[in-house]
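Please look at the model first.

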Amino acid sequence: MDIVERIILSEEQIQERIKELGQDISRDYEGKSITLICILKGGLMFLCDLSKHLTPLVEYDFMSVSSYGDATESSGVVRITKDLEESIEGKHVLIVEDIIDTGLTLNYLLKNLHSRNPASLEICTLLNKPANRKVEIPVKYVGFEVPNAFLVGYGLDFKQLYRNIPYIFTPKPEYYEND
Ligand code: IMP
């Protein structure tokens, strides 16, 4: 595709790592059932592929959030635009995220979800961008550590597009330099 500057993670690399994560999670939750909370829309591809490798019983629920402030600089003030449909009280909850950047979104979500009294609450993120972290987040499962670059594909969007691309890439600067 013309927009692709460099492929950072190939489809094969992503799928191989997701299989390993699935095995780790299955071992850790053996004998329990897991409530997977997908943060829309970026976590959707990851949720589908990861959950195929989970042997415990799995329940899905979905949340959508938007952060106040401008799109490039996360303000840390998060608004829930779609809440969970089920109670998570007493459940083993695993948040499935596409990428952790500043950590501000998950910092808010963790506090919010903890207040609903789950039996346990952990995070599984496909990508971790530690260079930009503003608040410490306890992440149990990480797919890949990635550099501080704008990444697109496999759930990550550029202007709401390219989420369906099965690999992760950096876009050519001319695609976003006029924004
Ligand atoms: P945080 O609150 O800064 O950790 O924001 C995390 C959210 O920002 C992710 O769930 C993504 O939706 C978005 N995000 C962060 N980095 C990227 C990127 O490189 N490409 C696309 N979206 C990103």
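The questions below set values against definitions.

This is a predicted model, in which local features need pLDDT of at least 70, side-chain atom pairs count only at pLDDT 80 or more, and totals for chains, interfaces and linings use all residues. Residues are numbered from 1 along each chain as its sequence is written, and side-chain values use heavy atoms, with hydrogens and water left out.

Q: How many helices and strands are in the protein, and what counts as one?
A: Helices are DSSP runs of H or I with at least four residues, and strands are runs of E with at least two, numbered from the N terminus. The protein has three helices and eight strands. Their order along the sequence is β-α-β-α-β-β-β-α-β-β-β.

Q: How do you know whether the radius of gyration agrees with a compact globule?
A: The radius is taken over C-alpha atoms, and the globule rule is 2.2 Å times the number of residues to the power 0.38. For 179 residues a compact globule would be near 16 Å; the protein has 16 Å, so the two agree. The C-alpha atoms fill a box of roughly 50 × 35 × 25 Å along the principal axes.

Q: Why is G22 called buried?
A: Buried means under 20% relative accessible area, exposed over 50%, and partly exposed in between (1.4 Å probe, protein chains only). G22 has 0%, so the label buried applies. G22 is found in helix α1. Across the protein, buried residues make up 44% of the 179 residues.

Q: What makes a residue a contact of G22, and which residues are in contact with it?
A: Contact means heavy atoms within 4.5 Å. Leaving aside neighbours within four places in sequence, G22 is in contact with L50, H53 and L54.

Q: What makes a set of residues a nonpolar core, and how many residues has the largest?
A: A nonpolar core is a set of buried Ala, Val, Leu, Ile, Met, Phe, Trp, Tyr and Cys residues joined through side-chain atoms within 4.5 Å. The largest has 27 residues; I25, F46, L126, L127 and I168 have the most contacts inside it. Helix α1 gives the most to this core, with four residues. A second, separate core has 17 residues, including V93, L106, L113 and L121.

Q: Which residues of helix α3 are buried, and what do they pack against?
A: In α3 (residues 104-114), L104, L106, L109, L110, N112 and L113 are buried. The buried residues of α3 pack against β2 (33-40), β3 (57-67), β4 (78-82), β5 (92-100) and β6 (120-128).
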